[in-house]
Amino acid sequence: MRRFSWFNATSLTLGFAFLYLPMIILIIYSFNASRLVTVWAGFSTQWYGTLLQNQSFLDAAWVTVKVAIASSTIATVLGTMGAYVLVRGGRFMGRTVFSGMIYAPLVMPEVITGLSLLLLFIGIGLDRGIFTIVLAHTTFSMCFVSVVVSSRLVSFDKSLEEAALDLGCSAFDAFRLVTLPIIAPAVISGWLLAFTLSLDDLVIASFTAGPSATTLPIRIFSAVRLGVSPEINALSTIMIAIVTIGVITASILTKRSSLAKQNDEQAAARTS
Amino acid sequence: MRRFILIAVPFIWLMALFLVPFAIVLKISLSDIALSIPPYTPQLDLTEGWAGIKAFFAELDFENYVFLTQDQLYWKAYVSSLQIALISTILTLLVGYPIAYGMAQAPDEWRATLLLLVILPFWTSFLIRVYSWMGILSNEGFLNQFLLWTGLISTPLVILNTNTAVYIGIVYTYLPFMILPIYAALEKMDGSLLEAAEDLGCSRLTAFWLVTIPLSKSGIIAGCFLVFIPALGEFVIPSLLGGSDTLMIGKVLWEEFFSNRDWPVASAVAVILLLILIIPIVLFQRNEQKQREMDQ
Amino acid sequence: MAQTVFAPWDDPQAKPLIQFKNVTKRFGDFTAIENLTQDIYEREFFALLGPSGCGKTTLMRMLAGFENTSEGQILIAGQDMANVPPNKRAVNMMFQSYALFPHLSIWENIAFGLKREGKPKDQIAARVDEMLRLTRLEKFAMRKPHQISGGQRQRVALARSLAKAPKLLLLDEPLGALDKKLRQDTQFELMDIQEKTGTTFVIVTHDQEEAMTVSSRVAVMDEGQIIQVATPAQIYEAPNSVYVADFIGDVNIIDGVATPEGDAYHIAWAEGQAPFTAKTATRFSEGQRCYLAIRPEKVGISADRPADMANAVQGQIIDIAYLGNISTYHVKLANGQMMKAQTANTRRLSRRSFTWEDRVWLSWTDTAAVVLEN
């Protein structure tokens, strides 16, 4: 039994207003004609125009996307391997160390991760640039991928893999033909998570990026330190819009497929 | 053989890019600052063989840690970080619990949407979410405009660049981390438990206090740690919303490294921060472990 | 019409398909299988029956190759199976959860093992179609596993494991997930398919009725050991121990002391009561402790003492369980021992002769009971 009271309604309304009002205000004022960000002076899309002509933003955005695609893809491969080792690896030397290394980066302050990686890169004389950011992002996001994928693997019916072996698959074929297709949704969400983490990251990128590579968050951070600017509002609006469309589409797709599955199951139960 | 490769690849990757860097931080925290590239001494010189290694270890010392205890800035920064993280965790709990509770009580057909609304900010840039408050909290910002318009105040409040702004920033950005575990705990709860409590003579309020709160305890604990742990080492929020007197250890570390270029001290700051963090991390893991065992 | 009885285990010339030779399996400190030796013959329908944790599933998983033996040997068709991985064995398994691949259609599920063998496409298609016909699934070939019912899924799992025409098929609680009515129909279908394909079936089950119905021989297991292996009729009529007698069906166990008396034994069971008489092939010495096991349906119930029965004892009806076709009477004997007697309800309920509290006579012949040592 659920009792939805006035108190519940009020706390939900206020709560979601708190979560969303700042972003809504930001979006509205990205269409403000005035450079003064808190005074409304009519509707205009001029800041989107200046943003698109700002080469340093465009360059930074391009670097960020390249880093995010590369690091999230490597992180997905490594993270899935890590998850498989955690859940199905059995006992091996250093298992505790391994699971520690998978979970620790999740709670590690970014400043420490960034500092330690930078000291490593300098120590081995690696020139900082896109490559070092990719290495850094891969390292912490593979742990997030591992957690997402391993939680799916834990609930995975082991007898499916055994059935594949029983029907003549090698261990690798069993993974490729049975396990991977079934856990694919978790692997994809792991990739998306790694991609977003990489897009968002400011602190670790600041440590590991050299002067040759500036990512979008680094560029935004140095701009907003000086105060609010309408170009940044416009940029934020574009980023919020992309994320919102992506998340809503994904949730509609998953909902639709789970509904379809539910209907199928009900139909199957009726015909038996 | 395949199993060996499967284990070795992620293992070696994490070893090289997670564990070894820590060893380096630890080592540099024991070194001294120097006007060289890289800016610390001693450097390990393997060309001199065993004598070089011995000389290297002889020069390592705890000088930087002694320095951290002597300079007021550092231990004040640790204390103030702990204080800010603690207060904002409590504030986040106070804001987040009613929302999680409302979500759990909401009709079934709303819940997927409400959950989506809580998760959406997760995927939105952290930096942008912090930035969005700069325009609201500044002296001529929307909050002051609104309050002046209602007549509640006559002169603008100074909020931006104070600790208050940092609290608001932390509560805002970490709110979903608090709501989700509490909601997960409340959602599992059987509604007939409350009816049973009332049947046995509880009022609605005492039933909430004696049944709902204890049953959502694990969610509350998980949520608090999920806010407290990252808030402690936070850098973006204090540097954008906080003022020059806002002392947080993440910010101190950043400045020590980038502005003062004192790598050994920055490393020592990082090591101490890590030692402080171990306690809540272990407690958090234990809570998760207990929860998993109960679920089985 | 002369028909030879299928009983290769009685033929000393027959070569067993599966041989367990002193097999022991340990998991850490726990011994799942202890020094087990057993032969299983070609075309047998062999049931491993026992409570959960008795080691029956471990035995099956060792045949499939998912577990190794700690000691001893397993031979299939004379070949030692140690170090032969599951994918290299001519053995297939039907899993308890069916383990149907959810991302593949029914057709693709059945074809999965055949494709691993790298057979030509037309051969695969022909074999899959044959399997679909055998299990009456032609209509569902293109559906996904979640689009069919539980009973159909069970048949897909069977078709998939039979597709490679294994020498040996292992079935792990194959009917456990089905409801009772469907289970009974499926039992006969399983027997039918086993006969048609001529495959050797080894089935693991905890359901004694299922084991009795389908199998040619039943092995009753307990704590890592096989207690008795025999045909269902032998297991039921001539259990070799109290454990087996008690595990299969309903039984009355009476504790007593044997005294040889001609070609039978007198069994003293209570102070001041006449001893029971029973015939048995087992030798008992004077004064040896023994147990009398009598199936309830072999115990007659009557108002007066029957004259021609070897054993008769008086008691009072405490409880009556009416099951429609039969009724079970719980009767308390003079020494407080409870005994069950079963009668077929050939008459209408209203004309039933006994009711609660009635004093009645229970009786049985001298060959109705089995005398057991332990």
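Domain bounds in this account come from an automatic or database domain assignment. The model is a predicted one. For chain C, the assignment gives domain 1, residues 8-246, and domain 2, residues 250-372. The C-alpha centres of domain 1 of chain C and domain 2 of chain C are 39 Å apart. Six residues from domain 1 of chain C and six residues from domain 2 of chain C make up the contact between them. On the domain 1 side of this contact, four residues are nonpolar, one is polar and one is charged.

Contacts between chains were examined next. Two pairs of chains touch, and the most contacts are between chains A and B. Here 66 residues of chain B are in contact with 62 residues of chain A. On the chain B side, helix 1 (residues 2-29) of chain B gives the most, with 17 residues. The chain B side as a whole divides into 51 nonpolar, 12 polar and three charged residues.

Chain A also meets chain C. In this contact, 21 residues of chain A face 24 residues of chain C. Three helices of chain A each supply at least two residues to the chain A side: helix 7 (158-166), helix 8 (171-200) and helix 11 (230-271). By class, this side of chain A holds 10 nonpolar, five polar and six charged residues. Chain B and chain C do not touch. The nearest C-alpha atoms of chain B and chain C are 15 Å apart.

Chain A has 11 helices and zero strands. Its C-alpha trace spans about 70 × 60 × 35 Å along the principal axes. The radius of gyration of chain A is 23 Å, whereas a compact globule of 272 residues would have one near 19 Å. Buried residues account for 44% of the 272 residues in chain A. Contacts in chain A were also sorted by sequence separation. Of those between residues at least 6 apart in sequence, 77% join residues at least 24 apart.

The nonpolar cores were then traced. The largest nonpolar core has 149 residues. Within this core, Leu115(A), Ala100(B), Ile179(B), Leu241(B), Leu253(B) and Val269(B) touch the most other members. Helix 9 (residues 163-188) of chain B gives the most to this core, with 16 residues. Residues up to four places away in sequence aside, Ala100(B) touches Ile179(B), Ile182(B), Tyr183(B) and Leu186(B). In soluble globular proteins, nonpolar side chains tend to be buried together.

Glu140(B) counts as partly exposed because it has 13 C-beta neighbours inside 10 Å. Neighbours within four places in sequence aside, Glu140(B) is in contact with Thr38(A) and Pro156(B). Leu157(B) is 17 residues from Glu140(B) along the chain, and their C-alpha atoms are separated by 9.2 Å.

Strand 9 (residues 217-222) of chain C and strand 10 (residues 225-230) of chain C run antiparallel and are joined by five bridges. Val220(C) has Gln228(C), in strand 10 of chain C, as its bridge partner. The hairpin of these strands has two residues between them. In that hairpin, Glu223(C) takes a positive phi near 45 degrees.

Most residues other than glycine have a negative phi. Two further residues of chain C are set against this background. Asn35(C) is not a glycine, yet has a positive phi of about 45 degrees. Asn35(C) is placed in strand 2 (residues 30-41) of chain C. With 14 other C-beta atoms within 10 Å, Asn35(C) is partly exposed. Glu357(C), also not a glycine, has a positive phi of about 75 degrees. Glu357(C) is found in the loop between strand 18 (338-344) and strand 19 (359-364) of chain C. Glu357(C) counts as exposed because it has 8 C-beta neighbours inside 10 Å.

Terms used:
Residues numbered from 1 in each chain as written. Chains lettered and ligands numbered in written order. Predicted model: local features only at pLDDT ≥ 70, side-chain atom pairs only at ≥ 80, totals over all residues. Contact = placed C-beta atoms within 7 Å. Helix = DSSP H or I, 4+ residues; strand = E, 2+ residues; numbered from the N terminus. Nonpolar A, V, L, I, M, F, W, Y, C, P; charged D, E, K, R; others polar. Rg over C-alpha atoms; globule rule 2.2 N^0.38 Å. Buried ≥ 20, exposed ≤ 12 C-beta atoms within 10 Å, placed from the backbone. Pairing = 2+ DSSP bridges. Core = buried A, V, L, I, M, F, W, Y, C linked by C-beta atoms within 7 Å.
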